[in-house]
Structure formats: structure tokens, C-alpha cells
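Colleague: Could you walk me through how to read a model like this one? I'd like the general idea each time, then the case at hand.

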Amino acid sequence: MIQRIQSLYLLIVAVLMAAMLFCNFATASVNGGEFTLDAWGVVVPADAKVAADGTIVLADAMVDSDGIRVANPFLGILIAVALLGAVVVIFLYRRRLAQLRFCLPLAIVLIGLQVMQIIYLLWFSDQVPGVVYSIADVFPIVSVILVYLAFRGISRDLLLLRSADRIR
């Protein structure tokens, strides 16, 4: 299963998606408070308030003793779908044609994930000044490239098997 190079590419995609579930995508420090954007939403410091229009307003009053999570699980759900898709494609190693067909939807999910992540990053940078981005922001792009390389490897395997069948 892992002996083929395309399986290694897909395993790396799965590892990158699993890492994205636990990484911060962006952080910002404002007045000593640490704002972070991750797969499950924005973590706002305890001394910040969120206005009715969604903008973050810093105040002296404590909202809670811990940081507040402004939940937005859509990005996390899409990352989990991409992770599950990569694992499914890995375990279809005996059915190369099905594996080949599942690579395209996986690439589309990864491209959609990157678009959604860019939208969230732009929204976060509008809300909080001084945003520092993370290396995890490029994981979907790297994953799309790896899925393409896996697609090519699976295609090469299929062509090799067809040519071997013709020789018999």
C-alpha cells in the first residue's frame, strides 16, 4: 500500500490536513491580547468584546476569565473532509481506477479549502491589525500539488498494467 510513490504523496496530504486541524492560521497581538484564527474559529482574548456587527472592540471590562471562541466550524469541517478523502484514496490502492477517480474530487475540495481559508484570513486581517500568518496557510496548495503528483503516478500504473495485459 505505502510502497507506491503515489501512496506516499497521499499520506503526506493526510498528514498536512491533520496538522491543519491543530495549527493556528494567523495570530495578532493587540494591546497585550492574543487573537488567533484556527480551523474552528477565532479565539478572542478575555478583555475584548465583539460588537453586534461582528467587529472586535477592545474594552477594559472582562468578558470572561478565559479567552472567548467565536465559533465558525466550516473551515474545520472542510479540513476534516479533505483528511478523510485522502485516507479513503490511500486505502483504495487495490482499485486503481477508483483511486484515480477520487483524486479529482479531493483536489476540488482542497482548492475550495484554500479559497475559504483565504476568505477567512482576509476577514481576520480586516478585524484585527498586525496579523502574522502561519506556514499552515500554504498546506492546501502543497496538498493540491501532491494530489496531482499522485494522480500522475496512478495513471502511470494503469498504463503499465494495460501494456502488460497486451503483451500476454
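Colleague: How is the crossing of α1 and α2 handed?

Modeller: A crossing is left-handed if the near helix is turned anticlockwise from the far one by less than a right angle, and right-handed if clockwise. The crossing of α1 and α2 is left-handed. Bear in mind that this is a predicted model, where local features need pLDDT of at least 70, side-chain atom pairs count only at pLDDT 80 or more, and totals for chains, interfaces and linings use all residues. Residues are numbered from 1 along each chain as its sequence is written, and side-chain values use heavy atoms, with hydrogens and water left out.

Colleague: At what angle do the axes of α1 and α2 cross?

Modeller: Axes are lines fitted to C-alpha atoms, for helices over the stretch in contact, and angles run from 0 to 180 degrees between N-to-C directions. Here the axes of α1 and α2 cross at roughly 160 degrees and come within 9 Å. Angles under 35 degrees count as roughly parallel, over 145 as roughly antiparallel, 65 to 115 as roughly perpendicular and the rest as oblique. So α1 and α2 are roughly antiparallel to each other.

Colleague: Which residues make that contact?

Modeller: Contact means heavy atoms within 4.5 Å. On the α1 side you'll find, among them, Ser-7, Leu-10, Val-13 and Met-17, and on the α2 side Gly-76, Ile-79, Ala-82 and Ile-90 are included. For classes, Ala, Val, Leu, Ile, Met, Phe, Trp, Tyr, Cys and Pro count as nonpolar, Asp, Glu, Lys and Arg as charged, and the others, Gly among them, as polar. The contact of α1 with α2 comes out as 16 nonpolar, two polar and no charged residues.

Colleague: How do the axes of α2 and α3 cross?

Modeller: Helix α2 covers residues 74-90 and helix α3 residues 96-127; their axes come within 9 Å and cross at roughly 160 degrees. That makes α2 roughly antiparallel to α3. The crossing of α2 and α3 is left-handed. Residues that meet there include Phe-74, Leu-78 and Val-81 in α2, with Phe-102, Cys-103 and Tyr-120 among those in α3. By class, this contact of α2 with α3 has 17 nonpolar, four polar and no charged residues.

Colleague: And α1 with α3: at what angle do their axes cross?

Modeller: Roughly 30 degrees, with the axes of α1 (residues 5-22) and α3 coming within 13 Å. That makes α1 roughly parallel to α3. The crossing of α1 and α3 is left-handed. Leu-10, Val-13, Met-17 and Met-20 of α1 make the contact with Gln-99, Leu-106, Leu-110, Leu-113 and Gln-117 of α3. Seven of the residues in the contact of α1 with α3 are nonpolar, two are polar and none is charged.

Colleague: Is Gln-117 buried or exposed?

Modeller: Buried means under 20% relative accessible area, exposed over 50%, partly exposed in between (1.4 Å probe, protein chains only). Gln-117 counts as buried because its relative accessibility is 1%. Not counting residues up to four places away in sequence, Gln-117 touches Met-20, Phe-25, Leu-75, Ala-136, Asp-137 and Pro-140.

Colleague: What does Gln-6 touch?

Modeller: Gln-6 sits in helix α1 and is buried, with a relative accessible area of 2%. Setting aside residues up to four places away in sequence, Gln-6 touches Ala-150, Gly-153, Ile-154 and Asp-157.

Colleague: Where do we find Ala-39 and Ser-134?

Modeller: Helices (H or I, at least four residues) and strands (E, at least two) are DSSP runs, numbered from the N terminus. Ala-39 is in the loop between β2 (33-38) and β3 (41-44), and at 0% relative accessibility this residue counts as buried. Ala-39 and Phe-25 are 14 residues apart in sequence and 7.7 Å apart in space, C-alpha to C-alpha. Ser-134 lies in the loop between β7 (131-133) and α4 (139-167) and is partly exposed, with a relative accessible area of 26%. From Ser-134 to Asn-24 the separation is 110 residues in sequence and 6.8 Å in space, C-alpha to C-alpha.

Colleague: How many helices and strands are in the chain?

Modeller: The chain has four helices and seven strands, running α-β-β-β-β-β-β-α-α-β-α from the N terminus on. Of the 168 residues in the chain, 38% are buried.
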